[in-house]
Amino acid sequence: MFVIDNTVLSNFAKVEKLELLKDILKDSIITKQVLEEFNLGIERGILPKVKLPFKVVELKNEEIELYRKLCTSLGKGEASSIAVAKNRGRILLSDDLDARKAAYLLGVKVSGTIGVLVLGVKTDVLTLEEANQLLGAMIKSGFYSPIESLEEVLKH
C-alpha cells in the first residue's frame, strides 16, 4: 500500500519506533536506494543502528527510466520511492517537499509522518495521547512539523 522514503523512516528511527511504523503500515515497502541512504545515516552517526523491518524492492523496467529522470532534481531515495509508488499504484510517504511536489505532478498520492501518526490513531494502533507524545519526541529530534498537536489535523 505504501512506499516509505528516508525522511519518514528517519523520524521513526530517531525515536526508536520502527516496529510501530511497521504495525501501522503493514505490508509497506522501501527501495534499495532508501536502504542505502538509511545505512549511510547509520554510518555517519545520524541514525541509530537498527535493522529496517520492511521489504526492500529493486527498481524494475519502466521504474528505472522514471528514476533516472527524477534523479536530476531529487535524491536517489526519493526518486526511487516515487518511481515505485507511481508504477505499482502505492502511496508515497515522504516529508521532503520537493519529492512531494514531484510525486503530486505525476499523480502519485502522498502522505508523510503526520499522516502516519493520524493513521495510527484512526486504526487504534495508537491513542491520540501516544501519537502526540511521539510527534513531540520527533520534533525534539529534529523533525520540522507544521503542527504541534494531531488534534489540528484530526478535527477536520
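This is a predicted model: local features need pLDDT of at least 70, side-chain atom pairs count only at pLDDT 80 or more; totals for chains, interfaces and linings use all residues.
Student: How many helices and strands does the protein have?

Tutor: Helices (H or I, at least four residues) and strands (E, at least two) are DSSP runs, numbered from the N terminus. The protein has 9 helices and 5 strands. Their order along the sequence is β-α-α-β-α-β-α-α-β-α-β-α-α-α. The radius of gyration is 15 Å, close to the 15 Å that the globule rule gives for 156 residues, so the protein is as compact as a globular protein of that length. That radius is taken over C-alpha atoms, and the rule is 2.2 Å times the number of residues to the power 0.38.

Student: What box do the C-alpha atoms fill?

Tutor: Roughly 45 × 35 × 25 Å, taken along the principal axes.

Student: What percentage of contacts join residues at least 24 apart?

Tutor: Contact means heavy atoms within 4.5 Å. Take the contacts between residues at least 6 apart in sequence: 62% of them join residues at least 24 apart.

Student: How far apart are the mean positions of the positive and negative charges?

Tutor: Lys and Arg count as positive, Asp and Glu as negative; His and the chain ends are not counted. Each charge is placed at NZ of Lys, CZ of Arg, CG of Asp or CD of Glu. The protein has 22 positive and 22 negative charges, with mean positions 5 Å apart.

Student: What percentage of the residues count as buried?

Tutor: Buried means under 20% relative accessible area, exposed over 50%, partly exposed in between (1.4 Å probe, protein chains only). Of the 156 residues, 47% count as buried.

Student: Which residues touch the most other members of the largest nonpolar core?

Tutor: A nonpolar core is a set of buried Ala, Val, Leu, Ile, Met, Phe, Trp, Tyr and Cys residues joined through side-chain atoms within 4.5 Å. The largest has 33 residues, and Leu9 and Leu21 touch the most other members. At least two core residues come from each of β1 (2-4), α1 (6-14), α2 (18-25), α3 (32-43), α7 (113-122) and α8 (128-140). Beyond its neighbours within four places in sequence, Leu21 contacts Val8, Leu9, Phe12, Phe54 and Val116. A second, separate core holds 18 residues, including Ile29, Leu59, Ala85 and Ala102.

Student: Why is α7 largely enclosed by the rest of the structure?

Tutor: Count its buried residues. In α7, 7 of the 10 residues are buried, so the helix is largely enclosed. They are Thr113, Ile114, Val116, Leu117, Val118, Gly120 and Val121. Their cover includes α1, α2, β4 (91-93), β5 (110-111), α8 and α9 (151-154).

Student: Is asparagine 11 buried or exposed?

Tutor: Buried, at 7% relative accessibility. Asn11 is in helix α1. Leaving out residues up to four places away in sequence, Asn11 touches Asp95, Thr113, Met138 and Phe143.

Student: Is glutamate 63 buried or exposed?

Tutor: Glu63 is buried, with a relative accessible area of 0%. Its place is helix α4 (residues 62-70).

Student: What phi does aspartate 124 have?

Tutor: A positive phi of about 60°, although Asp124 is not a glycine. Asp124 is in the loop between α7 and α8. At 67% relative accessibility, Asp124 counts as exposed.

Conventions
Residues are numbered from 1 along each chain as its sequence is written. Side-chain values use heavy atoms; hydrogens and water are left out.
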